[in-house]
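Please have the sequence and the model at hand while reading.

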Amino acid sequence: MSEKYFIVTYGCQMNVHESEKIAGILRRMGYEETPNMETADIIVFNTCCIRENAENHAFGNIGALKKMKKQNPALIIAVGGCMTQEQGKTEVLKKKFPFIDIMFGALNFEDLEFLILRKKREKKRVIAIRETEGEIVENIEPYRTSYPNAWVNITYGCNNFCTYCIVPYVRGRERSRKPENIVAEVEKLVAEGYKEITLLGQNVNSYGSDGSTEVTFAQLLDKIASIEGKFRLRFMTSHPKDFTEDVVAVMEKHRKICRLVHLPVQSGSSKILKEMNRRYTREKYLEEIRTLKTRLPEAEVTTDIIVGFPGETEEDYLQTESLVREVDFASAFTFVYSPRKGTKAAEMPNAVPESVQKDRIMRLVELVNSLTRAKSEKYLGKTVEILCEDYDSKKGLYMGRDEFGRMGYFTSEENRIGQFVSLKITKANGISLFGEIENTHGERK
Ligand code: SAH
Ligand code: SF4
Ligand code: F3S
């Protein structure tokens, strides 16, 4: 009987996709997936350190394994991802959790096979965190679990050094994959029946800026959208400092590209944006939104916002509120600023008191939710195209999303996963839509 693996993932889509690659490595070694952690022979934690609570989560869950490891000493516990890459964190993890068998970094998860074999051979703890970024590894076949969606990396790392953010420290400098490798991967995925491709990078717009290719992000997007077959194309994350009109032009050219741009604004105050080293102003951001919506009136924008950054006054916060209203975001991820050791902002004076941060996040969440709800109501009576992703057994309904990421639920006698469904919306409930099928198109995998 083959050995079993269980992977616990924290953090962003990039990490979720990296876990698919880790699963690919484990399967290549002969491991099989188990849905039940208790029956695993190896448990891998793929961690995140973007905010303190992401770290606390991982700490709690790793700590809870002490007992399991005692009962089953043969169990291998491996911890990797962004957190182990953080300065000084490996030491903390080593001391706090002596039962961890393997520690690897976000910059060398590709070494996992070798590290497991070493652990089995040497019977002692293996700690191998790579300090600097290496060559891009292309030969790992991810084990994808998100059909009909597929994630595809276009860049790794980040050069932007926003003053609050730890990513450039733990993920290294920005590196771009070769365009031919990306195009080949998407061609294969489309041929295999994947219906939604999401291109991933911390700042997709700066694709190629490491000098490894002449191809710009807009040209790459054009090449990928020209691949034949019915599929949706998404990309994230766009950085407002680099979001250029040529990208909008390619969106206009190809209907396959979803009319949804994730364009994190972070703050509506130019003063705070400067302190954050975002390298755009409130006015420039709003100008970009105007250009996008003039060229593509149906386009929607989603965003990320941080409240309670050092020095943020009530006036600055109200500017964020007014920007949120003006742009009328389809949705927004909202965060309370979390100081990260080693970043510039962690050293800044004028910390915002926790009670003020809490008050601002509550007001902002309320505002964002009211905009999202209002947008839901506009869907009533309309017919939208949903890509069916899953069956929700609790609700007894199929679930999918429209091109703007809005969730739609419906009943069906047949399995619809992987099909595009035209749904007439009969009910809008907060952020979810409910409807009846008018017709389906596109065959399943
Ligand atoms: N590369 C992307 C996303 C990076 S992380 C970008 O530039 O937008 C995702 C989001 O986490 C960020 O957009 C930001 O809103 C939030 N974030 C990052 N560091 C944070 C911190 N220290 N405290 C609170 N939120 C943070
Ligand atoms: Fe962090 Fe800024 Fe890079 Fe995004 S662009 S990953 S927020 S440093
Ligand atoms: Fe992602 Fe968290 Fe790392 S957001 S890049 S997993 S720090």
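The model is predicted: local features need pLDDT of at least 70, side-chain atom pairs count only at pLDDT 80 or more, and totals for chains, interfaces and linings use all residues. Residues are numbered from 1 along each chain as its sequence is written, chains are lettered from A and ligands numbered from 1 in the order in which they are written, and side-chain values use heavy atoms, with hydrogens and water left out.

**Salt bridges**

Side chains of opposite charge can pair when their charged atoms come close. A salt bridge is here a side-chain nitrogen of Lys or Arg within 4 Å of a carboxyl oxygen of Asp or Glu. By this rule there are 41 salt bridges.

| Pair | N to O distance |
|---|---|
| Lys-188 and Glu-141 | 3.0 Å |
| Arg-177 and Glu-185 | 2.6 Å |
| Lys-358 and Glu-354 | 3.4 Å |

Lys-188 forms a salt bridge with Glu-141. This pair links distant parts of the chain, 47 residues apart: Lys-188 is in helix H7 (residues 179-192), and Glu-141 is in the loop between strand E6 (126-128) and strand E7 (149-153). Helices (H or I, at least four residues) and strands (E, at least two) are DSSP runs, numbered from the N terminus.

Lys-188 has 40% relative accessibility and so counts as partly exposed, while Glu-141, at 52%, counts as exposed. Arg-177 and Glu-185 are both buried.

Lys-358 and Glu-354 lie 4 residues apart in helix H13 (residues 354-377), so about one helical turn separates them. Lys-358 is partly exposed because its relative accessibility is 49%; Glu-354 is exposed, at 55%.

A network of salt bridges links Glu-312, Glu-314, Asp-359, Arg-360 and Arg-363.

**Helix H4**

In helix H4 (residues 89-96), the buried residues are Lys-89, Thr-90 and Leu-93. Viewed down the axis of H4, they fall within an arc of 100 degrees and so line one face of the helix; the arc is that of the directions from the helix axis to the C-beta atoms. Their cover includes helix H2 (52-63), strand E5 (102-104) and E6, where contact means heavy atoms within 4.5 Å.

**Ligand 3**

Around ligand 3 are Cys-12, Asn-15, Cys-48, Cys-49, Ile-50, Cys-82, Arg-171 and Gln-202, a residue being near if one of its heavy atoms lies within 4 Å.

Terms used
Buried means under 20% relative accessible area, exposed over 50%, partly exposed in between (1.4 Å probe, protein chains only).
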